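Please read these notes with the sequence and the model open side by side. They are meant for someone new to reading structures.

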Amino acid sequence: MVVCHCELVNDRTIREIAVGDVVTVAQVTERCGAGGHCGGCHESIERLLDAAAAVRSASVDAITPVRVVARVAA
Ligand code: FES
């Protein structure tokens with residue numbers, strides 16, 4: 001699906017960019033040009049960035065061991 005019609009950038013490209021350390025629309029614009037003209041796609045780009053951040057967060061939660069602290073009765 002085309003997200004940025006000015007630069008003809010699709011959601012797949014933005015998802016691939018958002019896997020790394022890209023977290024803002026300005027960073028997406030630097031990488032692929034999306035969002036650099038009329039701005040009509042900014043909301044869509046932000047939603048894709050939010051989704052990528054949620055996936056990253058869930059991945060970290062999945063590999064972070066849960067620390068269990070046991071209370072010992074005195
Ligand atoms: S639709 Fe993306 S800058 Fe215009």
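1. Basis. This is a predicted model, in which local features need pLDDT of at least 70 and side-chain atom pairs count only at pLDDT 80 or more, while totals for chains, interfaces and linings use all residues. Residues are numbered from 1 along each chain as its sequence is written.

2. Overall make-up. The protein chain has three helices and two strands, and along the sequence they come in the pattern β-β-α-α-α. Helices (H or I, at least four residues) and strands (E, at least two) are DSSP runs, numbered from the N terminus. Of the 74 residues, 22% count as buried. A residue is buried if 20 or more other C-beta atoms lie within 10 Å of its own, exposed if 12 or fewer, and partly exposed in between, with C-beta atoms placed from the backbone.

3. Contacts along the chain. Two residues are in contact if their C-beta atoms, placed from the backbone, lie within 7 Å. Among contacts between residues at least 6 apart in sequence, 46% join residues at least 24 apart.

4. Helix H1. Which residues of H1 (residues 11-18) are buried? They are Thr13, Ile14, Ile17 and Ala18. These residues are on the same side of H1, because they cover an arc of only 130° around the axis. The arc is that of the directions from the helix axis to the C-beta atoms. As background, an α-helix has 3.6 residues a turn, so residues three or four places apart point the same way.

5. Helix H2. In H2 (residues 25-32), the buried residues are Val25, Val28 and Thr29. Seen down the axis of H2, they fall within an arc of 100°, so they line one face of the helix. Just after H2, Gly33 has a positive phi of about 90°.

6. H1 against H2. The axes of H1 and H2 come within 11 Å and cross at roughly 110°, which means that H1 is roughly perpendicular to H2. Axes are lines fitted to C-alpha atoms, for helices over the stretch in contact, and angles run from 0 to 180 degrees between N-to-C directions. Angles under 35 degrees count as roughly parallel, over 145 as roughly antiparallel, 65 to 115 as roughly perpendicular and the rest as oblique. On the H1 side the contact is made by Thr13, Ile14 and Ile17, which meet Val28, Arg31 and Cys32 in H2. The residues of this contact divide into four nonpolar, one polar and one charged. Here Ala, Val, Leu, Ile, Met, Phe, Trp, Tyr, Cys and Pro count as nonpolar, Asp, Glu, Lys and Arg as charged, and the others, Gly among them, as polar.

7. Arg31. This residue is in helix H2. Is Arg31 buried or partly exposed? Arg31 is partly exposed, because 16 other C-beta atoms lie within 10 Å. Not counting residues up to four places away in sequence, Arg31 touches Ile17 and Val22. Arg31 and Ile14 are 17 residues apart in sequence, and their C-alpha atoms are 9.2 Å apart in space.

8. The core. The largest nonpolar core has 13 residues, of which Val3, Ile14, Val28, Ala34 and Ile45 touch the most other members. The elements giving two or more residues to this core are E1, H1, H2 and helix H3 (42-63). A nonpolar core is a set of buried Ala, Val, Leu, Ile, Met, Phe, Trp, Tyr and Cys residues joined through C-beta atoms within 7 Å. Leaving aside neighbours within four places in sequence, Val28 is in contact with Ile14, Ile17, Val22, Ala34, Gly35 and Ile45.

9. The start of the chain. Met1 is in the segment before strand E1 (2-4), and Met1 counts as exposed because it has 6 C-beta neighbours inside 10 Å. Not counting residues up to four places away in sequence, Met1 touches Asn10 and Asp11. From Met1 to Asp11 the C-alpha distance is 5.8 Å, and the two are ten residues apart in sequence.

10. Two loop residues. Leu8 is in the loop between E1 and strand E2 (9-10), and its phi is near 50°, a positive value in a residue other than glycine. With 11 C-beta neighbours inside 10 Å, Leu8 counts as exposed. Gly39 is in the loop between H2 and H3 and is partly exposed, with 13 other C-beta atoms within 10 Å. The C-alpha atoms of Gly39 and Cys4 are separated by 8.6 Å, although the residues are 35 apart along the chain.
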